[in-house]
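Q: I would like to learn how to read the ligand site and the salt bridges of a model. Could we go through them in turn, with the general idea first and the case at hand after it?

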Amino acid sequence: MKQATKFEKLAAVFEQLEAVSSNLKMIDILSDFLSEITPEEARITAYLLRGKVAPDYEGLKLGLAEKLVMRALTQAWGISLKEVESHFQKIGDLGDVAAGIAPERNSAGLSIQEVFNELQIIARTSGEASQKAKIQTLATLLSRCSPREARYVVRIVLGTLRLGVAEMTFLYGLSKALTGTREKKAILENAFNVLSDLGEVAYQAVQKGVEALQEVQPIVGIPIRMMLAQRVEDLEEVKKHIPGKVFVEYKYDGERIQAHVPKQGDITLYSRRHEKITHQFPDIIAAIQQAFPGKEAIIEGEVVSIDPQSGKLQDFQVLMTRRRKHKVEEYMEKVPVKYFLFDILYFNGKSLLKTPLSQRKEILARYFSNKNGLALAESILTEEVEDMENFFAEAMEQGGEGVVLKDASSFYEAGIRGWKWIKFKKEYKRELADTFDLVVVGGIYGTGRRAGTYGSLLVAAFDPETNKYYSFTKVGAGFTDRDLAALPQMFARYQLPEKYRLVETEMEADVWFEPALVMEVTGAELTVSPVHTVAKEKLKKGGLALRFPRFLRWRDDKTPEQATTVQEIYEMYLSHQKMR
Ligand code: AMP
């Protein structure tokens, strides 16, 4: 058996990662470490590298307050709070403060498993006396740490690790560690699309080898990355991409939900971002249970709010009032919803990912009928553009926001935005009607009416190949006074002393942020700018920028890594060039 890997070794990896911004170097550092650890350690490492102690979908938060951590430091090493505070004021990073206080000595030989267990206890302790217990556990752990270990333990519990190891960077590292080359990342990425738990993928890869993951199976309870749609500006274009039969479905303006129905036990509802939103929809849970007793399945659809009087579909804003922790029952009455099912991905022990859509729909129709808050998404099967157009008109009339066209013979391509699914909305007919989901990386202080908040926010697109964020525009329009007033508090915890090392821009900002929050932005036109950096390498003369940007809404269902990519913007630019 391999010896337990020491946390000291992982802390050294953290230190190396922090010092580089090149994706290739990061991959090499990860690969060296990952090639020498056990499956369980690989699972733990996948979480810890990203400052987590569980898969993302668990929603298990550490994020201890600075005050609590400072108290743990005093208990760990018997120094006064005053002293800790004064160091903190000077140094500004509690991890560095801890490293400065921890006695210079060899580590107590903590293994990564031990550290992980203690961190999990801290994260999972809740209830009345939880603060005291968390501080105690952390203090005991820290008292056993070397300075370097203490630095990273503190940053993990505070939620300020910020190594910038993107999921894809980790998978490249894992591929190189296990096969000697980065090239098998595609297999791992596909597995990660099906089992969106980085730790589980790392575990299985180390245990069974990368090739074995070609046949990865969904697991009920672990969310599958949702298949996404490309976009056309004209329904005529659909034929180019899907020559055969097409399901044309209403595009509902609600929230995508993936429901995991185990044989026994509780149903879980996941949002597009894999948040557990089960508690918001007791009505949907009851409906699924009734329609579907004793079967195991993963199903997908869109939940939409329905006008109680007219029975008509309502828009997304109305549904959002159901996004709450309290008064759930009251709002269940006030804002009734319907869950429009359009896919089934797993059924009674069998993956349906590689079953053609037409068959998946048959299975769905066999088991789910339209009653009690469940319905099958409205759709037709056709090859004719004229039918598509008519159905689009009908969808709009009924309160849909367009149509989604799906290749009837296609498999479910988890996590892929390909041409097997195509979306079409009316606004797409205007020139720059599609919107961008952009990550906020900086803020510019407001003046006048906006004094005390930000006047505009610097936003960026993501490039999964380089693992960097490229500035694209500065958004100041479209915010309500309430939106603006909320900004300082919203962004306080993401503020950094300087530009984040994975952000590329020539713009100046008053405040820099860790890339964390995503907003949907619309604009009038793409131009080439000297200060923005999207696709700068390709264009040479400057980067792409969005003119006349306007804030539409926060996309808290998206992570920064799910933002609009540089490649998508570049392709849009090329297609507009062609039209001119
Ligand atoms: P967009 O967010 O503009 O990329 O559009 C894709 C989203 O449309 C999906 O994530 C779903 O939430 C939503 N949607 C609504 N109706 C459907 C449908 N019939 N099939 C697939 N997605 C749908």
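Q: How far is a nitrogen atom of the ligand from an N or O atom in the side chain of Glu249?
A: A polar contact is a pair of N or O atoms within 3.5 Å; within protein, one must be able to donate a hydrogen and the other to accept it, and residues adjacent in sequence count only if both atoms are side-chain atoms. Here a ligand nitrogen and an N or O atom of the Glu249 side chain are 2.8 Å apart. Lys406 places a polar side-chain atom 2.9 Å from a nitrogen atom of the ligand, while for Lys251 the distance from such an atom to a ligand oxygen is 3.1 Å. This is a predicted model, in which local features need pLDDT of at least 70 and side-chain atom pairs count only at pLDDT 80 or more, whereas totals for chains, interfaces and linings use all residues. Residues are numbered from 1 along each chain as its sequence is written, and side-chain values use heavy atoms, with hydrogens and water left out.

Q: How many salt bridges does the count come to?
A: Side chains of opposite charge can pair when their charged atoms come close. The rule asks for a side-chain nitrogen of Lys or Arg within 4 Å of a carboxyl oxygen of Asp or Glu, and by it the count comes to 38. One of them joins Asp93 to Arg155, with the closest N and O atoms 3.3 Å apart. Asp93 lies in the loop between helix 5 (81–91) and helix 6 (94–101) and Arg155 in helix 9 (residues 147–158), so this pair ties together parts that are 62 residues apart in sequence.

Q: Is Arg155 buried or exposed?
A: Buried means under 20% relative accessible area, exposed over 50%, and partly exposed in between (1.4 Å probe, protein chains only). Arg155 has 8% relative accessibility and therefore counts as buried. In another salt bridge, Arg555 and Asp557 have their closest N and O atoms 2.8 Å apart, and both Arg555 and Asp557 are buried.

Key. Helices (H or I, at least four residues) and strands (E, at least two) are DSSP runs, numbered from the N terminus.
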